[in-house]
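Subject: Structure handover

Hello,

Here is the structure I promised to pass on. Please open it alongside this message; my notes follow below.

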Amino acid sequence: MKTAHTAPATSAGTADRTYHWHGLTASAPWLVFLFFPYLNALTEQNALILSCCYMLFSLLYCTSYVAPWLVNNRWNIPVPLAWTALLSLPVAGMLTQEAPYYWPVQCYSLLLYYLMLWLTYRDMDAALRYRVGIGMVLTLSALFAVSAFLLDYDGYLWALLPALSFPAAGMIIITYRGEREKQDAHAQTEMDMMRERERIARDVHDILGHSLTVISMKTDLAQRLLENGSPESIERALKEIQEVKKLSRAALAETRVTVTQLRAPTIEQQVAASADALRVAGVDVDIEVEEAPTINAALFSWVLREATTNTMRHAQAQATRYRITETTLDLMDNGVGLGTVRGNGLKGMAERVHNAGGTLIFEAADPLWLAEHPGGEGTRILVSMDGSDPKKR
(Lines give C-alpha, C1' and ligand atoms only; values in the text may rest on other atoms or scores of the structure.)
Protein backbone atom coordinates (compact mmCIF):
# COMPACT_ATOMS: atom_id res chain seq x y z
CA MET A 1 0.00 0.00 0.00
CA LYS A 2 1.18 3.48 -0.78
CA THR A 3 1.97 5.89 1.93
CA ALA A 4 1.15 9.58 1.90
CA HIS A 5 3.85 12.17 2.34
CA THR A 6 3.26 15.50 3.98
CA ALA A 7 5.16 18.61 3.02
CA PRO A 8 7.68 19.78 5.57
CA ALA A 9 6.60 22.67 7.70
CA THR A 10 7.88 26.04 6.58
CA SER A 11 10.18 27.86 8.95
CA ALA A 12 9.44 31.23 10.38
CA GLY A 13 12.21 32.70 8.26
CA THR A 14 10.33 31.91 5.08
CA ALA A 15 6.96 33.14 6.27
CA ASP A 16 7.72 36.70 5.18
CA ARG A 17 8.83 35.68 1.65
CA THR A 18 5.41 35.10 0.23
CA TYR A 19 5.68 36.78 -3.14
CA HIS A 20 3.50 35.02 -5.67
CA TRP A 21 4.80 34.02 -9.07
CA HIS A 22 1.58 35.13 -10.72
CA GLY A 23 2.73 38.72 -10.15
CA LEU A 24 5.76 38.20 -12.37
CA THR A 25 3.62 36.23 -14.83
CA ALA A 26 1.13 39.10 -15.09
CA SER A 27 3.97 41.56 -15.63
CA ALA A 28 5.90 39.42 -18.11
CA PRO A 29 3.98 40.57 -21.25
CA TRP A 30 4.72 44.18 -20.38
CA LEU A 31 8.41 43.44 -19.89
CA VAL A 32 8.60 42.85 -23.63
CA PHE A 33 8.18 46.59 -24.21
CA LEU A 34 11.30 47.28 -22.17
CA PHE A 35 13.42 45.46 -24.74
CA PHE A 36 12.67 47.84 -27.61
CA PRO A 37 15.11 50.51 -26.33
CA TYR A 38 17.85 47.87 -26.42
CA LEU A 39 17.51 47.73 -30.18
CA ASN A 40 18.26 51.44 -30.46
CA ALA A 41 21.73 50.80 -29.09
CA LEU A 42 22.51 48.81 -32.23
CA THR A 43 21.88 51.80 -34.51
CA GLU A 44 22.28 54.87 -32.31
CA GLN A 45 25.40 55.35 -30.23
CA ASN A 46 23.76 57.89 -27.90
CA ALA A 47 21.08 55.36 -26.88
CA LEU A 48 23.53 53.05 -25.12
CA ILE A 49 23.05 54.56 -21.63
CA LEU A 50 19.27 54.59 -22.03
CA SER A 51 19.28 50.93 -23.05
CA CYS A 52 21.44 50.03 -20.05
CA CYS A 53 18.97 51.80 -17.76
CA TYR A 54 16.11 49.82 -19.24
CA MET A 55 18.09 46.62 -18.84
CA LEU A 56 18.88 47.41 -15.22
CA PHE A 57 15.21 48.18 -14.55
CA SER A 58 14.18 44.82 -16.06
CA LEU A 59 16.74 42.88 -14.02
CA LEU A 60 15.80 44.60 -10.77
CA TYR A 61 12.12 44.09 -11.45
CA CYS A 62 12.48 40.35 -12.07
CA THR A 63 14.78 40.05 -9.05
CA SER A 64 12.12 41.64 -6.85
CA TYR A 65 9.99 38.50 -7.27
CA VAL A 66 12.87 36.07 -6.69
CA ALA A 67 14.70 37.78 -3.83
CA PRO A 68 12.16 36.97 -1.06
CA TRP A 69 13.06 33.25 -1.45
CA LEU A 70 16.80 33.98 -1.32
CA VAL A 71 17.19 36.73 1.29
CA ASN A 72 15.63 36.91 4.72
CA ASN A 73 14.12 40.32 5.48
CA ARG A 74 15.67 40.44 8.95
CA TRP A 75 15.28 44.22 9.22
CA ASN A 76 11.51 44.09 8.48
CA ILE A 77 11.83 46.67 5.73
CA PRO A 78 8.57 47.27 3.77
CA VAL A 79 9.58 45.20 0.74
CA PRO A 80 7.51 46.95 -2.00
CA LEU A 81 8.76 50.32 -0.74
CA ALA A 82 12.38 49.14 -0.85
CA TRP A 83 12.06 47.81 -4.40
CA THR A 84 10.24 50.95 -5.50
CA ALA A 85 13.23 52.98 -4.30
CA LEU A 86 15.70 50.67 -6.07
CA LEU A 87 13.74 50.76 -9.31
CA SER A 88 13.71 54.54 -9.17
CA LEU A 89 17.48 54.59 -9.75
CA PRO A 90 17.42 53.30 -13.36
CA VAL A 91 14.31 55.42 -13.96
CA ALA A 92 16.30 58.49 -12.93
CA GLY A 93 18.99 57.41 -15.39
CA MET A 94 16.38 57.14 -18.14
CA LEU A 95 15.18 60.68 -17.47
CA THR A 96 18.70 62.09 -17.82
CA GLN A 97 18.78 60.68 -21.36
CA GLU A 98 15.41 62.07 -22.39
CA ALA A 99 14.23 65.62 -23.03
CA PRO A 100 12.04 67.04 -20.21
CA TYR A 101 9.16 67.07 -22.69
CA TYR A 102 9.01 63.28 -22.52
CA TRP A 103 9.53 62.85 -18.78
CA PRO A 104 5.79 62.40 -18.01
CA VAL A 105 5.58 59.78 -20.76
CA GLN A 106 8.65 57.98 -19.42
CA CYS A 107 7.32 57.83 -15.85
CA TYR A 108 3.71 56.99 -16.73
CA SER A 109 4.75 54.16 -19.05
CA LEU A 110 6.19 52.30 -16.02
CA LEU A 111 2.94 52.52 -14.01
CA LEU A 112 1.91 48.86 -14.50
CA TYR A 113 5.21 47.50 -13.23
CA TYR A 114 5.06 49.43 -9.96
CA LEU A 115 1.39 48.57 -9.57
CA MET A 116 1.93 44.79 -9.84
CA LEU A 117 4.87 45.06 -7.45
CA TRP A 118 2.52 46.34 -4.73
CA LEU A 119 -0.57 44.32 -5.53
CA THR A 120 1.16 40.93 -5.44
CA TYR A 121 3.00 41.33 -2.13
CA ARG A 122 0.86 39.20 0.18
CA ASP A 123 2.61 39.88 3.51
CA MET A 124 1.20 43.41 3.55
CA ASP A 125 -2.34 44.14 4.64
CA ALA A 126 -4.65 43.74 1.64
CA ALA A 127 -6.53 46.99 2.31
CA LEU A 128 -3.24 48.93 2.40
CA ARG A 129 -2.02 47.33 -0.83
CA TYR A 130 -5.20 48.24 -2.68
CA ARG A 131 -5.22 51.78 -1.28
CA VAL A 132 -1.64 52.25 -2.48
CA GLY A 133 -2.47 50.71 -5.87
CA ILE A 134 -5.57 52.82 -6.44
CA GLY A 135 -3.79 55.95 -5.20
CA MET A 136 -0.87 55.23 -7.51
CA VAL A 137 -3.11 54.88 -10.57
CA LEU A 138 -5.19 57.97 -9.81
CA THR A 139 -2.21 60.16 -8.90
CA LEU A 140 0.00 59.23 -11.87
CA SER A 141 -2.94 59.41 -14.29
CA ALA A 142 -3.89 62.87 -13.04
CA LEU A 143 -0.27 64.09 -13.19
CA PHE A 144 0.13 62.72 -16.69
CA ALA A 145 -3.12 64.33 -17.85
CA VAL A 146 -2.08 67.73 -16.41
CA SER A 147 1.42 67.45 -17.90
CA ALA A 148 0.02 66.41 -21.28
CA PHE A 149 -2.28 69.45 -21.26
CA LEU A 150 0.43 71.89 -20.21
CA LEU A 151 3.00 70.47 -22.66
CA ASP A 152 0.42 70.30 -25.45
CA TYR A 153 0.98 66.64 -26.25
CA ASP A 154 0.00 65.21 -29.59
CA GLY A 155 -2.98 62.86 -29.83
CA TYR A 156 -0.91 59.69 -29.94
CA LEU A 157 0.68 60.60 -26.58
CA TRP A 158 -2.74 61.30 -25.05
CA ALA A 159 -3.68 57.75 -26.07
CA LEU A 160 -1.22 56.55 -23.44
CA LEU A 161 -3.69 57.58 -20.71
CA PRO A 162 -6.48 55.06 -21.50
CA ALA A 163 -3.93 52.52 -22.79
CA LEU A 164 -2.39 52.23 -19.31
CA SER A 165 -5.13 53.34 -16.89
CA PHE A 166 -7.65 50.76 -18.11
CA PRO A 167 -5.25 47.78 -17.81
CA ALA A 168 -4.20 49.09 -14.40
CA ALA A 169 -7.81 49.21 -13.23
CA GLY A 170 -8.30 45.71 -14.62
CA MET A 171 -5.27 44.43 -12.69
CA ILE A 172 -6.66 45.85 -9.46
CA ILE A 173 -10.09 44.32 -10.03
CA ILE A 174 -8.77 40.90 -11.07
CA THR A 175 -6.31 40.73 -8.17
CA TYR A 176 -8.99 41.83 -5.71
CA ARG A 177 -11.52 39.29 -6.97
CA GLY A 178 -8.91 36.51 -6.89
CA GLU A 179 -8.01 37.25 -3.28
CA ARG A 180 -11.67 37.62 -2.33
CA GLU A 181 -12.45 34.18 -3.80
CA LYS A 182 -9.57 32.66 -1.84
CA GLN A 183 -10.78 34.32 1.35
CA ASP A 184 -14.33 33.10 0.77
CA ALA A 185 -13.06 29.57 0.08
CA HIS A 186 -10.96 29.67 3.25
CA ALA A 187 -13.91 30.94 5.28
CA GLN A 188 -16.14 28.20 3.86
CA THR A 189 -13.52 25.58 4.73
CA GLU A 190 -13.33 26.91 8.28
CA MET A 191 -17.12 26.83 8.51
CA ASP A 192 -17.25 23.25 7.24
CA MET A 193 -14.58 22.22 9.73
CA MET A 194 -16.49 23.86 12.56
CA ARG A 195 -19.70 22.06 11.58
CA GLU A 196 -17.81 18.78 11.33
CA ARG A 197 -16.33 19.28 14.79
CA GLU A 198 -19.77 20.06 16.19
CA ARG A 199 -21.18 16.92 14.58
CA ILE A 200 -18.36 14.80 15.96
CA ALA A 201 -18.86 16.33 19.41
CA ARG A 202 -22.56 15.41 19.27
CA ASP A 203 -21.69 11.87 18.15
CA VAL A 204 -19.20 11.40 20.97
CA HIS A 205 -21.74 12.80 23.44
CA ASP A 206 -24.43 10.41 22.19
CA ILE A 207 -22.10 7.41 22.23
CA LEU A 208 -20.71 8.01 25.70
CA GLY A 209 -23.98 9.29 27.16
CA HIS A 210 -25.92 6.20 26.14
CA SER A 211 -23.14 3.71 26.89
CA LEU A 212 -22.21 5.13 30.28
CA THR A 213 -25.86 5.26 31.33
CA VAL A 214 -26.36 1.58 30.49
CA ILE A 215 -23.04 0.63 32.11
CA SER A 216 -23.99 2.50 35.28
CA MET A 217 -27.35 0.71 35.47
CA LYS A 218 -25.81 -2.72 34.85
CA THR A 219 -23.03 -2.24 37.41
CA ASP A 220 -25.63 -1.18 40.02
CA LEU A 221 -27.63 -4.28 39.21
CA ALA A 222 -24.52 -6.49 39.41
CA GLN A 223 -23.63 -4.98 42.79
CA ARG A 224 -27.09 -5.72 44.21
CA LEU A 225 -26.97 -9.27 42.85
CA LEU A 226 -23.57 -9.89 44.42
CA GLU A 227 -24.80 -8.51 47.73
CA ASN A 228 -27.66 -11.04 47.58
CA GLY A 229 -25.09 -13.84 47.66
CA SER A 230 -27.20 -16.64 46.20
CA PRO A 231 -25.60 -18.81 43.46
CA GLU A 232 -28.25 -17.71 40.95
CA SER A 233 -27.63 -14.05 41.76
CA ILE A 234 -23.88 -14.44 41.46
CA GLU A 235 -24.25 -16.16 38.08
CA ARG A 236 -26.53 -13.41 36.84
CA ALA A 237 -24.15 -10.74 38.18
CA LEU A 238 -21.30 -12.27 36.21
CA LYS A 239 -23.43 -12.09 33.07
CA GLU A 240 -24.15 -8.43 33.74
CA ILE A 241 -20.42 -7.78 34.21
CA GLN A 242 -19.74 -9.47 30.87
CA GLU A 243 -22.35 -7.21 29.29
CA VAL A 244 -20.66 -4.18 30.85
CA LYS A 245 -17.32 -5.33 29.45
CA LYS A 246 -18.80 -5.78 25.98
CA LEU A 247 -20.55 -2.39 26.11
CA SER A 248 -17.42 -0.57 27.23
CA ARG A 249 -15.38 -2.10 24.40
CA ALA A 250 -18.03 -1.21 21.84
CA ALA A 251 -18.22 2.37 23.14
CA LEU A 252 -14.43 2.67 23.03
CA ALA A 253 -14.35 1.36 19.44
CA GLU A 254 -17.11 3.74 18.32
CA THR A 255 -15.37 6.67 19.99
CA ARG A 256 -12.09 5.82 18.27
CA VAL A 257 -13.77 5.69 14.86
CA THR A 258 -15.53 9.00 15.50
CA VAL A 259 -12.45 10.81 16.79
CA THR A 260 -10.34 9.72 13.80
CA GLN A 261 -12.47 12.12 11.75
CA LEU A 262 -10.66 15.02 13.43
CA ARG A 263 -7.30 13.87 12.09
CA ALA A 264 -8.24 13.54 8.39
CA PRO A 265 -6.42 10.16 8.18
CA THR A 266 -4.93 8.70 5.02
CA ILE A 267 -6.66 5.73 3.41
CA GLU A 268 -4.09 3.39 5.00
CA GLN A 269 -4.71 4.88 8.45
CA GLN A 270 -8.48 4.72 8.00
CA VAL A 271 -8.36 1.08 6.90
CA ALA A 272 -6.31 0.23 10.01
CA ALA A 273 -8.58 2.28 12.31
CA SER A 274 -11.75 0.69 10.90
CA ALA A 275 -10.32 -2.82 11.18
CA ASP A 276 -9.23 -2.25 14.80
CA ALA A 277 -12.58 -0.75 15.78
CA LEU A 278 -14.57 -3.59 14.22
CA ARG A 279 -12.40 -6.26 15.85
CA VAL A 280 -12.73 -4.61 19.26
CA ALA A 281 -16.51 -4.65 18.74
CA GLY A 282 -16.35 -8.40 18.06
CA VAL A 283 -16.88 -8.22 14.29
CA ASP A 284 -14.84 -10.42 11.96
CA VAL A 285 -12.94 -8.32 9.42
CA ASP A 286 -11.81 -9.24 5.91
CA ILE A 287 -10.13 -6.26 4.24
CA GLU A 288 -8.22 -6.41 0.97
CA VAL A 289 -6.62 -3.36 -0.66
CA GLU A 290 -5.82 -4.40 -4.23
CA GLU A 291 -4.56 -0.93 -5.18
CA ALA A 292 -4.35 1.96 -2.75
CA PRO A 293 -6.38 4.91 -4.10
CA THR A 294 -4.63 8.23 -4.61
CA ILE A 295 -6.99 10.69 -6.30
CA ASN A 296 -10.01 9.23 -4.48
CA ALA A 297 -8.22 8.58 -1.18
CA ALA A 298 -9.95 11.35 0.81
CA LEU A 299 -13.43 10.39 -0.42
CA PHE A 300 -12.88 6.66 0.15
CA SER A 301 -11.53 7.33 3.66
CA TRP A 302 -14.65 9.29 4.49
CA VAL A 303 -17.04 6.65 3.06
CA LEU A 304 -15.14 3.87 4.84
CA ARG A 305 -15.34 5.74 8.13
CA GLU A 306 -19.07 6.39 7.78
CA ALA A 307 -19.74 2.78 6.75
CA THR A 308 -17.76 1.46 9.72
CA THR A 309 -19.68 3.70 12.09
CA ASN A 310 -23.03 2.55 10.66
CA THR A 311 -21.99 -1.10 10.90
CA MET A 312 -21.04 -0.75 14.57
CA ARG A 313 -24.08 1.30 15.58
CA HIS A 314 -26.94 -0.18 13.60
CA ALA A 315 -26.03 -3.30 11.60
CA GLN A 316 -25.60 -5.82 14.45
CA ALA A 317 -23.17 -7.58 12.13
CA GLN A 318 -20.78 -10.40 12.99
CA ALA A 319 -18.68 -10.22 9.79
CA THR A 320 -17.59 -7.64 7.24
CA ARG A 321 -15.78 -7.71 3.91
CA TYR A 322 -14.08 -4.66 2.40
CA ARG A 323 -12.48 -4.50 -1.07
CA ILE A 324 -10.62 -1.35 -2.15
CA THR A 325 -9.02 -0.40 -5.49
CA GLU A 326 -7.94 2.85 -7.10
CA THR A 327 -11.45 3.61 -8.35
CA THR A 328 -13.82 1.31 -6.43
CA LEU A 329 -14.93 0.66 -2.89
CA ASP A 330 -16.93 -2.50 -2.06
CA LEU A 331 -18.14 -2.75 1.54
CA MET A 332 -20.30 -5.60 2.84
CA ASP A 333 -21.61 -6.86 6.19
CA ASN A 334 -24.00 -9.60 7.36
CA GLY A 335 -26.09 -7.39 9.62
CA VAL A 336 -29.81 -6.69 9.71
CA GLY A 337 -29.80 -4.83 6.37
CA LEU A 338 -30.81 -1.34 5.35
CA GLY A 339 -34.58 -1.74 5.31
CA THR A 340 -36.63 0.93 3.59
CA VAL A 341 -35.43 3.92 5.62
CA ARG A 342 -32.32 5.89 4.67
CA GLY A 343 -30.84 7.95 7.47
CA ASN A 344 -29.02 11.26 7.11
CA GLY A 345 -25.67 9.47 7.17
CA LEU A 346 -26.46 7.38 4.09
CA LYS A 347 -28.05 10.33 2.31
CA GLY A 348 -24.95 12.42 3.01
CA MET A 349 -22.76 9.60 1.74
CA ALA A 350 -24.72 9.37 -1.52
CA GLU A 351 -24.64 13.14 -2.00
CA ARG A 352 -20.90 13.38 -1.39
CA VAL A 353 -20.07 10.57 -3.83
CA HIS A 354 -22.39 12.10 -6.45
CA ASN A 355 -20.78 15.54 -6.05
CA ALA A 356 -17.36 13.93 -6.59
CA GLY A 357 -18.56 12.47 -9.90
CA GLY A 358 -18.95 8.89 -8.69
CA THR A 359 -21.69 6.27 -8.51
CA LEU A 360 -22.95 4.78 -5.25
CA ILE A 361 -25.28 1.79 -4.79
CA PHE A 362 -26.91 0.52 -1.59
CA GLU A 363 -28.17 -3.06 -1.74
CA ALA A 364 -28.40 -6.33 0.17
CA ALA A 365 -25.19 -8.28 0.67
CA ASP A 366 -24.08 -10.90 -1.86
CA PRO A 367 -26.05 -14.15 -1.19
CA LEU A 368 -23.00 -16.30 -1.91
CA TRP A 369 -21.00 -14.43 0.70
CA LEU A 370 -23.92 -14.56 3.16
CA ALA A 371 -24.07 -18.31 2.71
CA GLU A 372 -20.52 -18.49 4.06
CA HIS A 373 -21.21 -15.85 6.73
CA PRO A 374 -24.83 -16.38 7.84
CA GLY A 375 -26.54 -13.57 9.63
CA GLY A 376 -29.16 -11.05 8.55
CA GLU A 377 -29.98 -9.68 5.11
CA GLY A 378 -26.74 -7.74 5.20
CA THR A 379 -25.75 -4.48 3.52
CA ARG A 380 -23.51 -3.78 0.55
CA ILE A 381 -22.15 -0.34 -0.35
CA LEU A 382 -20.62 -0.08 -3.84
CA VAL A 383 -18.74 3.05 -4.93
CA SER A 384 -17.32 3.53 -8.43
CA MET A 385 -15.36 6.59 -9.54
CA ASP A 386 -14.56 5.60 -13.15
CA GLY A 387 -18.06 5.83 -14.60
CA SER A 388 -18.60 2.06 -14.84
CA ASP A 389 -21.34 0.01 -13.20
CA PRO A 390 -19.84 -1.29 -9.95
CA LYS A 391 -22.17 -4.32 -10.01
CA LYS A 392 -20.45 -5.64 -13.12
CA ARG A 393 -17.05 -5.86 -11.48
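Which residue in β3 is the bridge partner of Arg 323? It is Asp 330. Keep in mind that this is a predicted model.

**The sheet around β3**

Strand β2 (residues 319-324) runs antiparallel to β3, and five bridges join the two. A hairpin of three residues links β2 to β3. β3 also pairs with strand β5 (residues 379-384), again in the antiparallel sense, over six bridges. There, Asp 330 stands opposite Leu 382.

β3 itself (residues 328-333) is mostly covered, with six of its six residues buried. Thr 328, Asp 330 and Met 332 point one way from the strand. Leu 329, Leu 331 and Asp 333 point the other way. Both sets are buried.

**A buried loop residue**

Asn 296 sits in the loop between β1 (284-289) and α12 (297-315). Is Asn 296 buried or exposed? Its relative accessible area is 11%, so Asn 296 counts as buried, the cut-off being under 20%. Beyond its neighbours within four places in sequence, Asn 296 is in contact with Glu 326, Thr 327 and Met 385.

**The α11 and α12 pair**

The axes of α11 (residues 267-280) and α12 come within 9 Å and cross at roughly 10 degrees. Angles under 35 degrees count as roughly parallel, so that is how α11 and α12 lie to each other. On the α11 side, the residues in the contact are Ile 267, Gln 270, Val 271, Ser 274, Ala 277 and Leu 278. They meet Ala 297, Phe 300, Ser 301, Leu 304, Arg 305, Thr 308, Thr 311 and Met 312 of α12. By type, the residues of this contact divide into eight nonpolar, five polar and one charged.

**The nonpolar cores**

The largest nonpolar core has 36 residues. Those with the most contacts inside it are Phe 57, Leu 87, Met 94, Leu 110, Tyr 114 and Leu 115. At least two residues each come from α3 (48-70), α4 (79-96), α5 (103-108), α6 (111-119), α7 (126-150) and α9 (160-228). α6 gives the most, with nine residues.

Take Leu 87 as a way in. Leaving aside neighbours within four places in sequence, Leu 87 is in contact with Phe 57, Leu 60, Tyr 61, Tyr 114 and Leu 117. Another core, of 26 residues, lies apart from the largest one. Among its members are Ala 253, Tyr 322, Leu 346 and Leu 360.

Best regards

Methods. Residues are numbered from 1 along each chain as its sequence is written. This is a predicted model: local features need pLDDT of at least 70, side-chain atom pairs count only at pLDDT 80 or more; totals for chains, interfaces and linings use all residues. Side-chain values use heavy atoms; hydrogens and water are left out. A nonpolar core is a set of buried Ala, Val, Leu, Ile, Met, Phe, Trp, Tyr and Cys residues joined through side-chain atoms within 4.5 Å. Buried means under 20% relative accessible area, exposed over 50%, partly exposed in between (1.4 Å probe, protein chains only). Helices (H or I, at least four residues) and strands (E, at least two) are DSSP runs, numbered from the N terminus. Contact means heavy atoms within 4.5 Å. Two strands pair if DSSP finds at least two bridges between them. Axes are lines fitted to C-alpha atoms, for helices over the stretch in contact, and angles run from 0 to 180 degrees between N-to-C directions. Angles under 35 degrees count as roughly parallel, over 145 as roughly antiparallel, 65 to 115 as roughly perpendicular and the rest as oblique. Ala, Val, Leu, Ile, Met, Phe, Trp, Tyr, Cys and Pro count as nonpolar, Asp, Glu, Lys and Arg as charged, and the others, Gly among them, as polar.
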